[in-house]
Amino acid sequence: MDFSFLSQPAFSGGGTYLDWVISGIKWTLLVSILAWIIAFTIGSVLGVLRTTRVAWLRTPATAYVELFRNVPLLVQMFIWYFVVPEILPKALGTWMKQGMPMPEFWSAVLALGFYTASRVAEQVRSGIQSIPAGQTQAALATGLTMPQVYRHLLLPMGYRIVIPPLTSEFLTIFKNSSVALTIGVLEMTAQARTISEYTFRTFEIFSLATVVYVLITLAVTVLMEFVERHVRVPGYIGTGK
Amino acid sequence: MFTGFDVDVIQRALPYLWQGMLFSLGLTLLAMVGGIILGTVLALMRLSSYKVLTLPAGGYVNLLRSTPLILVIFWFYFLVPIAVKQITGNPYASGIGPFYSALIAFTLFEAAYYCEIIRAGIQSVPSGQVNAAYALGLNYWQAMIRVVLPQAFRNMVPILLTQGIILFQDTSLVYVVGLTDFMGAASKVAQRDGRLVEMYLFAALVYFIFCYFASYFVKHLHTRITPPR
């Protein structure tokens with residue numbers, strides 16, 4: 001293992017190979033976190049819609065989840081990057097191809113965000129549905145309206161219940177962000193491959209990339225354990241001593 | 001919006017796409033079988049009472065589960081030829097080709113995920129079953145193979161199949177090492193004929209139909225085989 005190549009000037013761009021690694025980490029984090037904001041927002045709305053009794057709200061949400069869950073992420077990446085600009089109205093499509101800054105980056109964020117939204121929606125739905133119906137009935141009996149029941153009972157409890165599965169979705173989004181390399185985003189995995197091609201230090205740079213992902217996983221796990229401890233409801237199983 | 005949507009391109013490419021689909025299905029099936037076998041071994045290791053077994057298995061599973069699949073595919077694309085040279089002792093050995101290194105990558109990667117499913121499955125078998133098996137005089141292997149694993153696998157079949165559907169979607173990632181699976185075939189035709197819209201939408205449609213009905217079948221199976229409690 002010889003990591004001295006990291007301080008050597010890189011093949012292009014002026015910096016060293018270490019700068020390439022740092023820029024890879026930056027893009028991995030940017031793509032993942034922006035995509036997570038989209039996924040969490042849209043996923044929460046869809047998850048709630050799937051639990052309502054109103055069919056014209058539930059059916060489109062179910063259709064969305066089925067559609068985005070059953071098409072591989074790679075295919076969705078390609079569709080956002082290559083197909084969407086073609087089938088949009090002409091002016092908007094041309095802007096996406098020529099005027100929009102960093103088209104690969106934003107296509108990757110949208111693809112990853114909308115894909116993960118379908119998985120977040122399923123978690124939110126299962127969290128809400130795992131709350132005993134008696135609690136909803138009790139809340140309604142005290143005179144709360146249905147939106148108030150969601151606001152004060154189902155959402156606060158449901159989100160707490162699904163923190164563990166949501167954590168693993170949040171971890172998955174960092175790993176899935178590597179698929180963005182197929183449309184040209186130079187995130188961590190892409191940089192690792194490029195550096196290995198220029199320096200032939202494949203073993204070292206792949207090990208470094210693996211360590212980066214393991215560290216991201218550890219950081220997210222610690223963060224989510226903190227959140228979980230902070231919001232836990234006393235008296236529930238699994239909330240500790 | 002869809003003016004000039006050329007169905008003919010898809011029709012002409014169908015035989016080639018079918019070859020790609022067979023590749024995807026073959027890779028999925030082989031990696032699934034290998035992953036379940038290796039995953040069972042890993043799960044038994046993680047559940048054993050010897051630290052020599054639990055620690056390496058736990059480390060392996062956690063490492064693989066925190067690494068992106070694409071990076072794992074790159075790892076094995078790089079490592080397998082080196083390993084082949086080491087094993088055969090021939091520095092000029094040409095490796096075993098990208099298909100087998102992809103197969104090894106998928107098998108080892110999926111084994112980590114299958115391990116966790118199978119571990120949960122084994123833990124869901126009531127401990128009275130194990131105690132009863134020991135009371136009858138069965139040893140560890142007899143108890144595992146004849147009592148615990150059959151019940152565990154019966155409960156796990158739907159989840160194992162769902163993981164198989166996810167694996168089928170993930171096989172599209174062999175695109176990154178240039179293999180021609182279904183997506184690779186669609187992408188090659190798309191680039192050659194300049195028909196990105198048609199080919200990628202068609203690929204999405206095929207994956208959707210396949211995975212949708214496969215999940216539907218798994219859900220149906222789940223309600224049928226769940227044993228009465």
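# A two-chain predicted model, one residue at a time

A:Glu204 touches A:Met1, A:Asp2, A:Phe3 and A:Phe5, not counting residues up to four places away in sequence. Contact here means heavy atoms within 4.5 Å.

This is a predicted model: local features need pLDDT of at least 70, side-chain atom pairs count only at pLDDT 80 or more, and totals for chains, interfaces and linings use all residues. Residues are numbered from 1 along each chain as its sequence is written, chains are lettered from A and ligands numbered from 1 in the order written, and side-chain values use heavy atoms, with hydrogens and water left out.

## Around A:Glu204

A:Glu204 sits in helix α10 (residues 202-231) of chain A. Helices (H or I, at least four residues) and strands (E, at least two) are DSSP runs, numbered from the N terminus. Is A:Glu204 buried or exposed? A:Glu204 is buried, with a relative accessible area of 7%. Buried means under 20% relative accessible area, exposed means over 50%, and partly exposed lies in between (1.4 Å probe, protein chains only).

Chain A has 10 helices and 0 strands. Chain B has 8 helices and 0 strands. The C-alpha trace of chain A spans about 70 × 55 × 25 Å along its principal axes. For chain B, the spans are about 70 × 55 × 25 Å.

How much is buried? In chain A, 48% of the 241 residues are. In chain B, 45% of the 229 residues are.

Now take the contacts between residues at least 6 apart in sequence. In chain A, 72% of them join residues at least 24 apart. In chain B, residues 24 or more positions apart account for 77%.

The accessible surface of chain A is about 11,900 Å², and carbon and sulfur atoms hold 67% of it. Chain B exposes about 12,000 Å², with 67% from carbon and sulfur atoms. These areas come from the Shrake-Rupley method with a 1.4 Å probe; for residues, only the protein chains shown count as cover.

## Helix α9 of chain A

Helix α9 (residues 188-199) of chain A has 12 residues. From first C-alpha to last it reaches 16 Å, close to the 16 Å expected at 1.5 Å a residue. The expected span is 1.5 Å times one less than the number of residues.

At the start of α9(A), a side-chain oxygen of A:Glu187 comes within 3.1 Å of the backbone nitrogen of A:Thr189. Several residues of α9(A) are buried, including A:Met188, A:Ala192, A:Ile195 and A:Thr199. An α-helix has 3.6 residues a turn, so residues three or four places apart point the same way. What covers the buried residues of α9(A)? The cover includes α1 (17-51) and α10 of chain A, together with α3 (69-88) of chain B.

A:Phe200 follows α9(A). It lies in the loop between α9 and α10 of chain A. Its phi is positive, about 60°, although A:Phe200 is not a glycine.

Where is A:Met102? It is in the loop between α4 (90-99) and α5 of chain A. A:Met102 is not a glycine, yet its phi is positive, at about 50°.

Helix α5 (residues 103-129) of chain A has 27 residues and reaches 39 Å, close to the expected 39 Å. It is mostly covered: 19 of its 27 residues are buried.

## Two more residues

A:Asn176 belongs to helix α8 (residues 163-176) of chain A. Leaving aside neighbours within four places in sequence, A:Asn176 contacts A:Leu73, A:Leu112 and A:Tyr115.

B:Arg195 is in the loop between α7 (182-193) and α8 (196-225) of chain B. B:Arg195 and B:Val9 are 186 residues apart in sequence, but their C-alpha atoms are 7.7 Å apart in space.

| Residue | Relative accessible area |
|---|---|
| A:Asn176 | 19%, buried |
| B:Arg195 | 28%, partly exposed |
| A:Met102 | 38%, partly exposed |
| A:Phe200 | 70%, exposed |

Notes. Polar contact = N/O pair within 3.5 Å; in protein donor to acceptor, adjacent residues only side chain to side chain.
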